[in-house]
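Subject: Structure handover

Hello,

Please find the structure below. My notes on it follow.

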Amino acid sequence: MPELAEVELARRIWAPAIGGKVAAVETHPKTRVYRDTPARAIEAALTNATFRDSHSHGKRLLFVFRKDEEILPLEVHLGMSGRLALALQDHVPHKHDHLILRFKECALVFNDYRQFGRAHLHEDPNPWAELPPEVLDRRFTLAHVQGLLARRPRTTLKALILDQSCFPGIGNWMADEICWRMGLHPATVTGELDAASLRKETQFVTRGALKYIADKNEGQLKDPSEGFSAGGYVARVPPSNWLFQHRWKKGGHCPHCQSELDRATIATRTTAWCPQCQKAKA
Ligand SMILES: [Zn+2]
């Protein structure tokens with residue numbers, strides 16, 4: 001499942017159409033991506049609507065349309081294999097293009113061959129008002145992080161970081177990167193953590209992920225009509241002094257001390273850490 005920087009990159013792929021009017025909507029009504037809002041309802045709502053704005057929050061995407069006085073927020077989840085593409089206006093649909101929004105100048109495409117992703121309309125014009133603050137939000141203060149730790153004192157560091165209600169959009173590789181930067185074993189019990197260090201390193205890794213993945217890949221796609229998919233189309237990644245480049249395969253080494261990385265399942269996810277740089281759990 002894509003993490004926050006890949007989701008933000010996906011948001012930017014559709015951004016060139018902002019300000020345009022949807023001339024036609026094409027769907028595959030029977031696919032599972034419409035399990036929350038029937039495809040026909042999305043077609044009826046968005047045809048002739050104007051694309052006003054877009055937002056990302058953690059792993060979520062929101063595309064805001066307007067028709068007459070009505071605000072129409074379309075939320076998209078990429079799931080496991082979902083991808084967004086910016087295509088030419090006469091784009092010929094691929095087999096798994098479940099949603100195509102045709103504009104005068106271009107077409108926006110949501111493709112998802114495994115159909116774990118979804119697209120649905122909100123009735124509330126401001127549906128994200130209650131979401132928890134993201135890591136780079138100014139409400140993500142030290143007091144806020146202390147509150148998160150107090151709420152879950154007996155879980156592991158890795159499980160806490162993967163909790164989307166605490167750290168929206170942070171997934172597996174980012175969680176490992178944060179534990180490594182904190183110098184703590186991923187199974188460290190949260191009650192022993194320093195909130196300031198947790199806040200500092202989550203913010204550092206989030207800023208870096210956005211810079212190396214969203215900023216550096218934007219406009220770098222060889223063929224924009226191929227769009228974005230998690231992993232496959234991200235050509236540029238964090239540098240070799242991050243854990244990122246070393247954690248994927250067995251035999252990877254710590255970029256700081258060159259020790260071979262340890263691996264195990266922690267918080268149900270494959271986890272890599274450096275046995276030298278990251279103190280064992282107490
Ligand atoms: Zn090390």
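Two strands are taken to pair if DSSP finds at least two bridges between them. Strands (E, at least two residues) and helices (H or I, at least four) are DSSP runs, numbered from the N terminus. The model is a predicted one: local features need pLDDT of at least 70 and side-chain atom pairs count only at pLDDT 80 or more, while totals for chains, interfaces and linings use all residues. Residue numbers start from 1 along each chain as its sequence is written.

**Sheet β2-β3-β4-β8**

Four strands form an open sheet in the order β2-β3-β4-β8, and their pairing is antiparallel. The edges are β2 (50–57) and β8 (118–121); each has a single partner strand, so one side of each has no neighbour in the sheet. On average, neighbouring strands of this sheet are turned by 20° against each other, direction ignored. (Axes are lines fitted to C-alpha atoms, for helices over the stretch in contact, and angles run from 0 to 180 degrees between N-to-C directions.)

Within this sheet, strand β3 (residues 60–67) and strand β4 (residues 70–77) run antiparallel and are joined by seven bridges. Phe65 stands opposite Leu72 in β4. Helix α1 packs on the sheet and touches β2 and β3, its direction making about 170° with that of β2. Helix α2 also packs on the sheet, where it touches β3, β4 and β8; the direction of α2 makes about 55° with that of β8. Contact here means that the C-beta atoms of two residues, placed from the backbone, lie within 7 Å.

Two loop residues have a positive phi without being glycine. Asp68, in the loop between β3 and β4, has a phi of about 50°. Asn48, in the loop between α2 and β2, has a phi near 70°. For burial, the count is of other C-beta atoms within 10 Å of a residue's own, placed from the backbone: 20 or more is buried, 12 or fewer is exposed, and anything in between is partly exposed. Asp68 is exposed, with 7 other C-beta atoms within 10 Å. Asn48 has 14 C-beta neighbours inside 10 Å and therefore counts as partly exposed.

**Sheet β1-β6-β7-β5**

Another open sheet has four strands in the order β1-β6-β7-β5, with antiparallel pairing. Its edge strands are β1 (24–27) and β5 (83–88), each with a single partner strand, so one side of each is left without a neighbour in the sheet. The twist from one strand to the next averages 15°. β5 and strand β7 (residues 106–111) run antiparallel and are joined by six bridges. Leu84 has Phe110 in β7 as its bridge partner.

Helix α1 (residues 4–14) packs on this sheet, touching β5 and β7, and its direction makes about 20° with that of β5. Helix α2 (residues 39–46) packs on the sheet as well, touching β1 and β6 (97–102), and the direction of α2 makes about 170° with that of β1.

Helix α3 (residues 142–151) and helix α6 (residues 195–217) pack at an angle of about 110°, and their axes are 9 Å apart. α3 and α6 are therefore roughly perpendicular to each other (65 to 115 degrees; under 35 counts as roughly parallel, over 145 as roughly antiparallel and the rest as oblique). The contact is made by Leu142, Val145, Gln146 and Leu149 of α3 with Ala195, Ala196, Leu198 and Arg199 of α6.

How much of helix α5 (residues 172–182) is covered? Of its 11 residues, 10 are buried, so the helix is mostly covered. Among the buried residues are Trp173, Asp176, Glu177, Trp180 and Arg181. The elements covering the buried residues of α5 include α4 (157–162), α6 and β10.

**Hairpin β9-β10**

Strand β9 (residues 262–266) and strand β10 (residues 269–273) pair in the antiparallel sense over five bridges. Thr265 stands opposite Thr270 in β10. β9 and β10 form a hairpin with two residues between them, and Ala267 in the turn has a positive phi of about 55°.

Regards
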